[in-house]
Amino acid sequence: LQISEPDEFDIMLVMPVSGLQLEASDDTGAYYYASFKRNPKEKYLLKFLDEDGKLSAFKIIQALRDIIKREVKNIKDVEVTVKRKKAGSPAITLLIKNPPAEISVDIILALKVQQSWPPSTQDGLKIEQWLGRKVRTKFRNEPLYLVAKQNKKEKVLRGNTWRLSFSHIEKAMMNNHGNSKTCCESDGPKCCRKGCLKLLKYLLERLKMKYPKELEKICSFHVKTAFFHSCVMWPNDTDWCSGDLDHCFQKYLGYFLDCLQKSHLPHFFIPQYNLLSVEDKASSDFLSRQINFQLNNGFPVFQE
């Protein structure tokens, strides 16, 4: 889904872990404390437990950061630097200086747990009408991924929370996005779903460049989540005919604007988790005004 130059890459480093006990750290259903049910097979993880016996995301990321910094020094033929830590980000970012462009690579550590998804996900992933019941069951049997992400709502910020990640399922849905199984295959009918998502991602990217302060609370994940909800609302491939890009984009944009106005965008996999909380309402309102301006003036930002 890269839009402009392919200069940003995400790499997920997966660590298989067995026998994890998850305890919700708040009422979003997205953030968890992780501890071991019994002595883990992965003995090396014991040194990352905090004083309460919880697996510390902070300690693990710190150790990974040190390893990466050490290894980067051994790279001779290209100039690679590790970017300064960004508060609240689960990623370790490498900057690769390479004419003609600089490339940034986000390395994200994920724990991979072979156990059933938490109860907060029970009513999410409503894709029966769109991709089918069998596909939903198959997805829900996939392992659970947890990324090291600080839960800002905690009273004491200890850095030991983990957030559920479904990027593997999101990727699978993007790759097989059709209601009919042949949508966008070499000899199948083409749709404009990806085109719509790319347009809105690009629009947000341009607006964020213009107004970084006002829009710092809004990210491309909001746009992607609204996209998956739109695919569920309009589940048929005929709802997204490739010749109807303009009309489909307006529909999808309309839904996204509605979410911004209501300050309500449920997480696609965890419906109780609202991604547009009331405390970020200023950002939502600002974006809403900017998008309406673009909409009413024939999207000048696309011409710039």
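How much of the accessible surface of the protein belongs to carbon and sulfur atoms? The accessible surface comes to about 16,500 Å², and 53% of it belongs to carbon and sulfur atoms, with areas taken by the Shrake-Rupley method with a 1.4 Å probe. This is a predicted model, in which local features need pLDDT of at least 70 and side-chain atom pairs count only at pLDDT 80 or more, while totals for chains, interfaces and linings use all residues. Residues are numbered from 1 along each chain as its sequence is written, and side-chain values use heavy atoms, with hydrogens and water left out.

**Overall form**
- The protein has eight helices and eight strands, which are DSSP runs numbered from the N terminus (helices H or I, at least four residues; strands E, at least two).
- Its radius of gyration, taken over C-alpha atoms, is 21 Å, close to the 19 Å that the globule rule (2.2 Å times the number of residues to the power 0.38) gives for 304 residues, so the protein is as compact as a globular protein of that length.
- Buried residues (under 20% relative accessible area, 1.4 Å probe, protein chains only) make up 45% of the 304 residues.

**Helix H2**
- In helix H2 (residues 133-140), the buried residues are Arg136, Phe139 and Arg140.
- These residues lie on the same side of H2 because they cover an arc of only 95 degrees around the axis, judged by the directions from the helix axis to the C-beta atoms.
- Lys134 and Lys138, on the other side of H2, are exposed, that is, over 50% relative accessible area.
- The buried residues of H2 pack against helix H3 (167-175), where contact means heavy atoms within 4.5 Å.
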